[in-house]
Amino acid sequence: MNYTNGNYEAFARPRKPKGVEEKQAWLVGGGLASLAAAAFLVRDAQMDGSRIHILEEAELPGGACDGLLRPDIGFVIRGGREMENHYECLWDLFRSVPSLEVPDASVLDEFYWLNHDDPNYSMNRAILERGKSADTKNRFDLSDDAAMELMKLFFTLDEALYNKTIDDVLSDEFYQSNFWLYWQTMFAFETWHSALEMKLSLPYKMALHAGLDAVRGTTLEELLAQYDLI
Ligand SMILES: Cc1cc2nc3c(=O)[nH]c(=O)nc-3n(C[C@H](O)[C@H](O)[C@H](O)COP(=O)(O)OP(=O)(O)OC[C@H]3O[C@@H](n4cnc5c(N)ncnc54)[C@H](O)[C@@H]3O)c2cc1C
């Protein structure tokens, strides 16, 4: 899929690359990236699935998107997944994956219809102490100093953030803000996580900032249990 010139190129199907029948693809790691690459190789490069090999060092496939089958305690997964409109590769892939439950629909159709009919919106964005509303009034509540800390992080060179934690670059004043409450609860960040990860996430999650106060703008796959999705 290519959007370099409007959508002129986006929906044209690639021709079968020369010699693809003789090629093998070796992908290191059994996470989403390799699984998606394999699916694109099958769909776009028309490579036979038997020529694609995924090497995974862990016992459990799936990488960060793992799911553990433990019927004795229930299904276990480290986190749910929120998506948004600009997951260009994922949506492109999902339009080619048939729905398991809806005849003649793709997984993308299923996602779209569900989120169209029941858009994600939280009337009470955060609760504290097991049930008390955090009453954030839809505000980021970033002080000038806290906003400057965030801007400084945004403009810091990646190399200067190697081996640093969020705690090394942001202060308690920042942690008092609703912005951090929203950010932390939406993207599963902790203060001991990588400062570089936080910096790199800022522009990439920018499209979601306007909806942080109500978890607007995300698409969720509520149709399936978290364990079964993606
Ligand atoms: C709790 C949590 C919540 C998240 N929430 C969201 C969300 O809401 N929305 C969202 O978009 N993203 C979310 N993410 C991020 C998303 O899940 C990851 O970005 C994505 O799954 C990463 O896929 P990947 O294939 O790039 O890497 P990984 O999933 O990390 O896969 C890499 C794989 O490579 C294997 N590997 C590494 N080195 C070798 C080697 N030398 N040989 C063989 N195998 C090797 C690893 O064992 C691993 O299985 C979340 C992540 C977590 C952990």
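Five residues, Phe 174, Trp 180, Tyr 182, Trp 183 and Ala 195, touch the most other members of the largest nonpolar core, which has 16 residues. A nonpolar core here is a set of buried Ala, Val, Leu, Ile, Met, Phe, Trp, Tyr and Cys residues joined through C-beta atoms within 7 Å. This is a predicted model: local features need pLDDT of at least 70 and side-chain atom pairs count only at pLDDT 80 or more, while totals for chains, interfaces and linings use all residues. Residues are numbered from 1 along each chain as its sequence is written.

**The core**
- At least two core residues come from each of α4 (144–155), α7 (178–187) and α8 (195–204); helices are DSSP runs of H or I with at least four residues, strands are E runs of at least two, and both are numbered from the N terminus.
- Leaving out residues up to four places away in sequence, Trp 180 touches Phe 174 and Tyr 175 (contact: C-beta atoms, placed from the backbone, within 7 Å).

**Helix α3**
- Val 107, Glu 110 and Phe 111 are buried in α3 (residues 107–117).
- Seen down the axis, the buried residues of α3 fall within an arc of 100°, so they line one face of the helix; the arc is that of the directions from the helix axis to the C-beta atoms.
- Their packing partners are α2 (88–94) and β8 (218–219).
- The face turned away from the buried side of α3 carries the exposed residues His 116 and Asp 117.
- Buried means 20 or more other C-beta atoms within 10 Å of a residue's own, exposed 12 or fewer, and partly exposed in between, with C-beta atoms placed from the backbone.

**Domains**
- The chain's assignment, automatic or from a database, gives domain 1 (1–66) and domain 2 (127–209).
- Their C-alpha centres lie 34 Å apart.

Definitions and conventions
Contact = placed C-beta atoms within 7 Å.
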